[in-house]
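Me: I would like to go through the labels attached to this model and ask, for each, what value stands behind it.

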Amino acid sequence: MKSTEKSVIRLCISSLLLLFSAVHSPAQEKLSLQQALQLAVHNYGTLKAKANYAHASSIAVDQAKRDYLPNLILSGQQDYGTINGQNGPLYGFGGYGVASSGPALPNQNWNAAFGSLYLANMNWEFFSFGKAKERIKVAQGIANRDDKDLQQELFNHQVKVAAAYLNLLAAQKLTLSYEKNLHRADTFRQVVVTRARNGLIAGVDSSLANAEVSNAKIALTKAKDFEQEKSNLLAQLMGIPSQTFILDSVFIAHIPQGIEEQTAMDTTKHPILQWYQSRIALGKEQRNYLKTLYYPSFSLIGIFQTRGSGFGNDYTLDQHAYTSNYFDGIKPTRTNYLIGVGLTWNITQPLRVSKQVKSQYFVNEALANEFELAEQQLKAQQALSETKIQNALHNYHEVPIQVKAASDAFLQKSVLYKNGLTNLVDVTQALYTLIRAETDRDIAYNNVWQALLYKAAATGDFSLFTEKIIP
């Protein structure tokens, strides 16, 4: 078989293998901004943590409401022991005193029988000058604060993901430009080397051309490194492993329409300001709750108790009047009940609470100061966003002129150099001007979108950005 035929066969086999692998290997799908945002919302750890905090706070509201329910305690005990009594004082320190009751006999004895106690105790703090209601309001304030914290974190994270997406797209575009620049520099180097070998130009020009190719390679490596950093950051924000992303080219194909329109900021709707307002509202409720601690609490008390004993009622006179039978000892024989209203008031409590109330007042003032500062900063950012949009649009309109002029200049210098009418320095300068113009072109579209994103972040309305994206 001829070598030509073998080459044809090998080429056919290679083509079939390549086609087979292309059909069976899954192609990487394009990642849209909406998909990136959805992944970030579902996967990012901070968002999941704050969602759980908000859920816990909402459950705590129900718990605060149930704290108002009366305490109902059921108790039962069955014991076996002696009942020697003794005249004298007894203080049950720490609750460890034994509640044995019996006659004070002249000598110790070890007569023992079974006994029992069955108890139902109800204690209800039915009126406490609003303590229960204020506790519920404080719990609701905490739940509202945690929910607003989740919302502002979600808003901030969406802005971060969108910014990281645009930055990665710009980095990828810059990498392509530097690849084109390397190809251009290498092509020009081949021309220079060929002319130098033929003795048409000085040999030093080929060294300079090689230096330009090396510089282009270094610039490309830096661009790839920058792209990898941005890709890694986007993956982190989405909560997924680092990988190579294919992004939507809509952000480098057109600019959003109607972005010059002025948008007024509503301070009641911005997620960040709503979070600050929820903190202020919570501080007020906490201060109101502390004030209720000045006053006493009224409680309703109800007790029902029944007892059994293996000791007879004449045991004082006859120490043989007892039985060690278990069932006789645990059978209830005496019952008592008690109903009452109690008042509890620590008269020194207002002295301590007054300082807590005063401290909370200054905390509330600090929260108000933080809100005012955040509002001022957002208004300043909104004003700056309008300027950024105008500047980005101005650069966008100037870029085509810059690229056209730089391309013409590089073409002119290249032709002149090939005909020996200029030197390599002029060509290199034209090359620098062209790569700078192409770089400006690559980020001009992106900067317009970045300016719009900045405006959305300042106004608190993320839809200002997302509604401009053409699906």
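Me: Why is Arg189 called partly exposed?

Reply: The model is a predicted one, and in it Arg189 has a relative accessible area of 23%. Because partly exposed covers the range between the 20% limit for buried and the 50% limit for exposed, Arg189 belongs to that class. Asp186 also has 23% relative accessibility and therefore counts as partly exposed.

Me: What makes the contact of Asp186 and Arg189 a salt bridge?

Reply: The side chains of Asp186 and Arg189 meet at 2.9 Å, N to O, and because the criterion asks for a side-chain nitrogen of Lys or Arg within 4 Å of a carboxyl oxygen of Asp or Glu, the pair qualifies as a salt bridge. Both residues lie in helix 4, 3 residues apart, which is about one turn of the helix. Elsewhere, salt bridges that share partners join Lys50, Asp149 and Glu153 into one network.

Me: What makes Asp248 and Lys30 a link between distant parts of the chain?

Reply: The side chains of Asp248 and Lys30 meet in a salt bridge, at 3.8 Å from N to O. The two partners are 218 residues apart, with Asp248 in the loop between strand 4 (246–247) and helix 6 (271–292) and Lys30 in strand 1 (residues 30–31). Asp248 has a relative accessible area of 14%, and is therefore buried by the under 20% rule, while Lys30, at 49%, is partly exposed. A search of the whole structure finds 12 salt bridges.

Me: Why is helix 4 called roughly antiparallel to helix 9?

Reply: Helix 4 (residues 131–197) and helix 9 (residues 424–459) pack at an angle of about 165°, with their axes 10 Å apart. Because angles over 145 degrees count as roughly antiparallel, helix 4 is roughly antiparallel to helix 9. Helix 4 passes helix 9 in a right-handed crossing.

Me: How do you know that helix 4 is roughly antiparallel to helix 5?

Reply: Helix 4 and helix 5 (residues 204–238) pack at an angle of about 165°, with their axes 8 Å apart. Since the cut-off is over 145 degrees, helix 4 is roughly antiparallel to helix 5. Here helix 4 makes a left-handed crossing with helix 5.

Me: Why is Phe127 called partly exposed?

Reply: Phe127, which lies in strand 3 (residues 113–127), has a relative accessible area of 39%, and because this class lies between 20% and 50%, Phe127 is partly exposed.

Me: What makes Asn325 partly exposed?

Reply: Asn325 has a relative accessible area of 34% and is therefore partly exposed. Asn325 is placed in the loop between strand 5 (297–309) and helix 7 (326–330).

Notes:
Residues numbered from 1 in each chain as written. Predicted model: local features only at pLDDT ≥ 70, side-chain atom pairs only at ≥ 80, totals over all residues. Heavy atoms only, no water. Helix = DSSP H or I, 4+ residues; strand = E, 2+ residues; numbered from the N terminus. Buried < 20%, exposed > 50% of the residue type's maximum accessible area, 1.4 Å probe, protein only. Axes fitted to C-alpha atoms, helices over the stretch in contact; angles between N-to-C directions. Parallel < 35°, antiparallel > 145°, perpendicular 65-115°, else oblique. Left-handed = near helix turned anticlockwise from the far one by under 90°.
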